[in-house]
Amino acid sequence: MGQHSSVKSDDDHSAAQKGAQTGALLKRLFQLSWRYRWNCILVLILQVCILAFALGGLGFVGVGIDYLRQQFDAEVVVRGPFGVHPPVDWEPRDGMLLIALGVLLVALIRAGLQFFYTNSFAKLVQGRIVVDLRSQVYDKMQRLSFRFFDANESSSIINRVTGDVQSVRLFVDGVLMQSVILLLSVAVFLIYMFSIHVGLTLACLVPMPLIWFLSASLSKRVAPAYLRTRQLVDRLITRIVENVQGMPVVKGFALEQEQIRQYREDSKALRDHQESIFWIVSVYSPLITFSSQLSIVILLAYGGHLVIAGEIPLGTGLVVFAGLLQQFAGQVANIATIADSMQQSLAAARRVFEVLDAPIEIESPAQPLPAKKLHGEIAFENVSFSFKQNDSVLEDVSFHLQPGDSVAIVGATGSGKSALLNLIPRFYDPDKGRVLIDGNDIRQLDLDVLRRGIGLVFQESFIFRASVAANIAFGHPNATQAQIEKAARIASAHEFVTKLRNGYQTRLGEGGADLSGGQRQRIALARAILLEPAILILDDPTAAIDPETENEILTAMDAAMEGRTTFVVAHRLSTLRRANHIIVLEHGRIVERGTHEELMKMDGHYRSAAMHQMADKESRRLLEQYDGGAS
């Protein structure tokens, strides 16, 4: 009994927690809508006018029916909307023509209002809400730390900026606006219906509680299903992105059919899940529609009796009431659509607000130190860092470099080389200790000033789908052609760029696919040099290139490193010898430091790795001699 009570208590707590989260989401969605209140009010005013003219048109139809009956039965009284009806002494044909013209005029005015309503609605939803919200999400993404991108797949992030934002706007147009329109319509319809006959109106409202119950039940059942839909869409986008980016590997291993099979499985999973939602909706929607039609049955039975008894007229009574009831039932049946839209928007809103609410871990201080050009003095003081809690990557790292020094970082995979480099431009902050530049803790510097004083070249340099000049000037869009060419010459890129079909204006393909690996690296090096940084970070720039290209890159590096404090992650001796300091990392700790000559005198990790490389190099030299002699 006690255990059962405990389980029930946990369920109640979980339900209360979900309810609180949903309430918080709804509050934020209302706040989002409030920003566009004047646009919303305009749309609602237009909708009210359209509704009024719709009722006017319906009223004229009722007048026409009663006016015709009056020609055969003089006792029939014609009561038109706002007292408008043909004079008694008019010819019947003229009276009917006037009524027809009234219907036509109302229809034309309503069509014009519908035109303005549709345009205003589209501008509000697609022109304001979607654009503004996407911009907010995109803006926030630019300021989030690397930890956010480490924790979330790129496909999920893309889907939040595109699909989820589009679904969030459903709250404004599919929930909020439609709910207000529904309430206004229902209120107007009820007032009009009560004015015709109170008893008939109350009788026709009997099925309404059943419709409310079915709509609430539908909303509860589809809520978790829509959240799962967003996750399945994420997975499908991941499959597409990875396939496009990894196409050379897919084709290289002849796995096209396997990729097609996996995509079809993911696509089928999404389709099956959506079909399960459609099945739920397809069950509830007919039930709600059927329940709303019960009112029509009551109308025909009871309303017909009232017409026969002479208590209400046929045209402006039963016929108009039937039109009102039909539109009223349609609005009530729309509750299911509104409930469905609300669950879609809530599922998407959770994911969008996760981005907007994500903490900005790395940002400029409220009062940064005065902006000054960096000189390049760098010190690590007892720095410890971890990507995840209790999973240390760097432990108690300390060193000091003077402006113009160059240091090579050496170590096995996972030793913390990239983590150390990422701390310098504040992609992450250390858990303990400090990183100093020119004697100042970098957390006291303006982030833009700090990063513009650091040039970065990664192992796999990203090339944008733009011209060569635009790629080089990416960090300095206002750079002159002379500045771009100067940076390209220092990076040994000018010669090959001038040989391209349009020189510096040659538009490069996605990822620089039309360039060689060495050419991409030299473009990236020129991009870093153009900023004239005091600090240069080269993350293993020669790792994925051939020996001939390596010489070209090393020549460019020598020119780029001159006068700059430089960090180089490297494994090849040809690169390591260019540094006047070498730091060897092992499991996040500095185990050796010194120059190449000093470390070669120690019996440690560096000497062992260097001897292994030299042995391989000697073996290759001997093999080349043998091949030459044999030929």
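Is Glu-395 buried, partly exposed or exposed, and what is its relative accessible area? In this predicted model, Glu-395 is partly exposed, with a relative accessible area of 27%.

Glu-395 forms a salt bridge with Arg-589, and the closest N and O atoms of the two are 3.9 Å apart. This pair links distant parts of the chain, since Arg-589 belongs to strand β10 (residues 589–594) and Glu-395 to strand β2 (residues 391–401), 194 residues apart. Arg-589 is likewise partly exposed, its relative accessible area being 43%.

## Other salt bridges

The count of salt bridges comes to 15. One of them joins the side chains of Arg-147 and Glu-361 at 3.2 Å, N to O. Arg-147 lies in helix α4 (residues 146–151), while Glu-361 sits in the loop between α10 (314–357) and β1 (378–388), so the pair ties together parts that are 214 residues apart in sequence. Both residues count as partly exposed, Arg-147 at 22% relative accessibility and Glu-361 at 40%.

Arg-443 and Asp-441 also form a salt bridge, with their closest N and O atoms 3.3 Å apart. Here Arg-443 is partly exposed, with a relative accessible area of 29%, whereas Asp-441 is buried, with a relative accessible area of 10%.

## A nonpolar patch on the surface

Leu-97, Leu-101, Leu-104 and Leu-108 make a nonpolar surface patch of about 400 Å². Leu-108 is found in helix α3 (residues 92–143), and Leu-108 counts as exposed because its relative accessible area is 55%, where the cut-off for exposed is over 50%.

How values were computed
Residues numbered from 1 in each chain as written. Predicted model: local features only at pLDDT ≥ 70, side-chain atom pairs only at ≥ 80, totals over all residues. Heavy atoms only, no water. Patch = residues over 30% accessible without salt bridge, like charges linked within 9 Å, V, L, I, M, F, W, Y side chains within 5 Å. Areas by Shrake-Rupley, 256 points an atom, 1.4 Å probe, with all protein chains shown as cover. Salt bridge = Lys/Arg side-chain N within 4 Å of Asp/Glu carboxyl O. Helix = DSSP H or I, 4+ residues; strand = E, 2+ residues; numbered from the N terminus. Buried < 20%, exposed > 50% of the residue type's maximum accessible area, 1.4 Å probe, protein only.
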